[in-house]
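Subject: Structure for you to look at

Hello,

Here is the structure I promised. Please open it next to this email, and my notes follow below.

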Amino acid sequence: MGALRKAGAVPIRHGHVARAAAWLLAAFSAFATTPSMAGGFLRADGTRIVDERGEPVILRGVGLGGWMLQEGYMLEMPGAGTQRSIRARIVDLIGEAKAEAFYQAWRDNHVTKADIDALAAWGFNHVRLPMHYALYTAPVSEEPVPGQQTWREEGFRRTDELLSWLKANGMTVVLDLHAAPGGQGNDVNIADRDPAAPSLWDDGANRDKMVALWRRLAERYKDEPAVAAYDILNEPNWGFHDAADRNGCKESGNAPLRELLQRTTRAIREVDTRHIVIIEGNCWGNNYRGVLDEGPWDDNLVVSFHKYWNGTGRDSIAELLALRDRWKLPLYLGETGENSNDWYARTVALAEGEGIGWAAWPLKKIRYNNPLQIEPNPAYARLLAYWAGNGKRPTADEAEHALMTLATRDIRFEYNLVHPDVVDAWLRAPHADRAVPFRDHRIAHDGGIVAAVDFDMGRDGVAYHDTNSANESGKPRVDWNPGKGYRNDGVDLARDASGWRVVDMQPGEWMQYTIAVDRAGTYGLDLDGRGTVRLRVNGTTPVDLRVGEPVDIPLLAGRNTLVVEALVPDMELRALHFSAPSR
């Protein structure tokens, strides 16, 4: 398993950082579809975002989820997923002081300049920074003087450092208030909300603090063009009129939301007249009923929406497009992701076809469907088992070792798995009807082996075809890859002791392989697996054969393409074995 697995999801290991980093820059430079943006402030101009020269800009970015604000699913945490609940479990095992050391180490290592350098090399031009307000200001309940604001340097310092990394790469940041004082919705994980305490909407002091924080941020960054925009409230989800409408999806007035967005914008404009202000509707950013009924209240507004687990046709964003066209405001797809590569490519093609910028969610987590994947240490897995009720309680030393290894090593860029197929899906595949190799498959004069899971990269119908290539069910956690690893395409994969293989292929499903051959000739091909396939070599007349029956195929010197199509149900394929050409 080791060699095959490490070959596909590219790891960068300690001691090999310089060599691996150089390889990554070369390997992914072809994906870069957007040059660094020209200096100067971005602004809204009709339905487009433009630079200081008036040239349209497409924001292509990634959300840095999990860095300043943890969500339980990114850590595979069982049960409640708020950061406060995660921290409470950690404190229970190692105490408050060591828990604080863990969180400092987490923020030190989760995002570093190496992450930003890689994003720029791949072709992303901005990041969206999900901020936890408590890194910038004290909670209302901890203020020494009620009504006054205590500022905390931790959040501002880390934002400044991120800006230095971005500016070194010609990139920008969208500042996103992800966790507002008190919490902005009943989806408590995304805002670290304590349901036992007053929410953002229940307590005016929480709203005062939010407004004051944005004024403070605007004071600090008013002259910083590397800040692309202020996204003033992430995914509000609250039933203002009907408490039973917990996430505000049926809300028709949204008056408290509109008032807070207007009030925050006014506070920003008292000190900063240049930066874009991004607004989000109710129902996780998508319900704008009532919000803009009286028209825009600022001449530099952008309307954000979020898109998950639905179709990718123009009809899927029709309401947002109508809102854009009515009020002549740009749209920004502030979050999208948690799906398959094919869905990513189709979603980006939809957005960019309408001139809409986007930010993928997230950069990394302990799962396979993002550009980077965290591989946790074995001791952390035992810790998760304990929290899930399936293992014994670790000692304080054991728990500290697991947690600090996670925070100082596992989450760092150089120890993450890089998924080139995911990067390709966000940046190249949306604009290409041509597949590219997942790996450099080079067949020497004496033959070679190609792993079946290393088929080409590209959209469904371009690099492969599978009957279930994405999750468009309207619900999370619908699988397109039951193996939940190695690749994020809509091809069924499974893993056993000998490695990853393609499984459950149905008639009509296929995969393409691009191989480079040193010497032209007629090579032997033996497929390792089971079933019956149709084989096409370089677009020639197909040949039907049973898996395991060797066949001779002519290959040209240089680039060749092979398409392997299933003809029977439940076919499996592990590898393609090429033997030396006949003399």
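This is a predicted model: local features need pLDDT of at least 70, side-chain atom pairs count only at pLDDT 80 or more; totals for chains, interfaces and linings use all residues.

**Helix α11 and the residue before it**

α11 is mostly covered. Of its 13 residues, 10 are buried. Among them are Asn341, Asp342, Trp343 and Tyr344. Glu352 is buried as well. The buried residues of α11 pack against several strands: β4 (60-63), β9 (301-307), β10, β11 (357-361) and β17 (464-465). They also pack against helix α14 (420-427). Gly355 follows α11 and has a positive phi, near 75°.

Ser340 sits in the loop between β10 (331-337) and α11 (341-353). Its relative accessible area is 0%, so Ser340 is buried. Leaving out residues up to four places away in sequence, Ser340 touches Ser469, Ala470, Trp480 and Asn488.

**The disulfide**

How many disulfides does a search of the whole structure find? The search finds one. It joins Cys249 to Cys283, with an S to S distance of 2.1 Å. The link is right-handed, with 80° about the S-S bond. Cys249 lies in the loop between β7 (227-231) and α8 (255-269), and Cys283 lies in helix α9 (residues 282-285), so the pair ties together parts that are 34 residues apart in sequence. Cys249 is partly exposed, because its relative accessibility is 32%. Cys283 is buried, because its relative accessible area is 13% and the cut-off for buried is under 20%.

**Thr159**

Thr159 belongs to helix α6 (residues 153-168). Is Thr159 buried or exposed? It is buried, with a relative accessible area of 1%. Its side chain makes a polar contact of 2.7 Å with the side chain of Tyr136. Setting aside neighbours within four places in sequence, Thr159 is in contact with Met68, Leu129, Tyr136, Leu175 and Tyr221.

**The nonpolar cores**

In soluble globular proteins, nonpolar side chains tend to be buried together. Here the largest nonpolar core has 81 residues. Leu129, Leu162 and Trp214 have the most contacts inside this core. Helix α7 (residues 204-221) gives the most to it, with seven residues.

Trp214 deserves a look on screen. Not counting residues up to four places away in sequence, Trp214 touches Met131, Leu175, Leu177, Tyr230, Asp231, Ile232, Thr264 and Ile268.

**The whole protein**

The secondary structure comes to 14 helices and 26 strands. The radius of gyration is 25 Å, close to the 25 Å that the globule rule gives for 583 residues, so the protein is as compact as a globular protein of that length. Along the principal axes, the C-alpha atoms fill a box of roughly 85 × 60 × 45 Å. Buried residues make up 58% of the 583 residues. Of the contacts between residues at least 6 apart in sequence, 75% join residues at least 24 apart.

Best wishes

Methods. Residues are numbered from 1 along each chain as its sequence is written. Side-chain values use heavy atoms; hydrogens and water are left out. Helices (H or I, at least four residues) and strands (E, at least two) are DSSP runs, numbered from the N terminus. Buried means under 20% relative accessible area, exposed over 50%, partly exposed in between (1.4 Å probe, protein chains only). A polar contact is a pair of N or O atoms within 3.5 Å; within protein, one must be able to donate a hydrogen and the other to accept it, and residues adjacent in sequence count only if both atoms are side-chain atoms. Contact means heavy atoms within 4.5 Å. A disulfide is a pair of cysteine sulfur atoms within 2.5 Å. A nonpolar core is a set of buried Ala, Val, Leu, Ile, Met, Phe, Trp, Tyr and Cys residues joined through side-chain atoms within 4.5 Å. The radius of gyration is taken over C-alpha atoms; the globule rule is 2.2 Å times the number of residues to the power 0.38.
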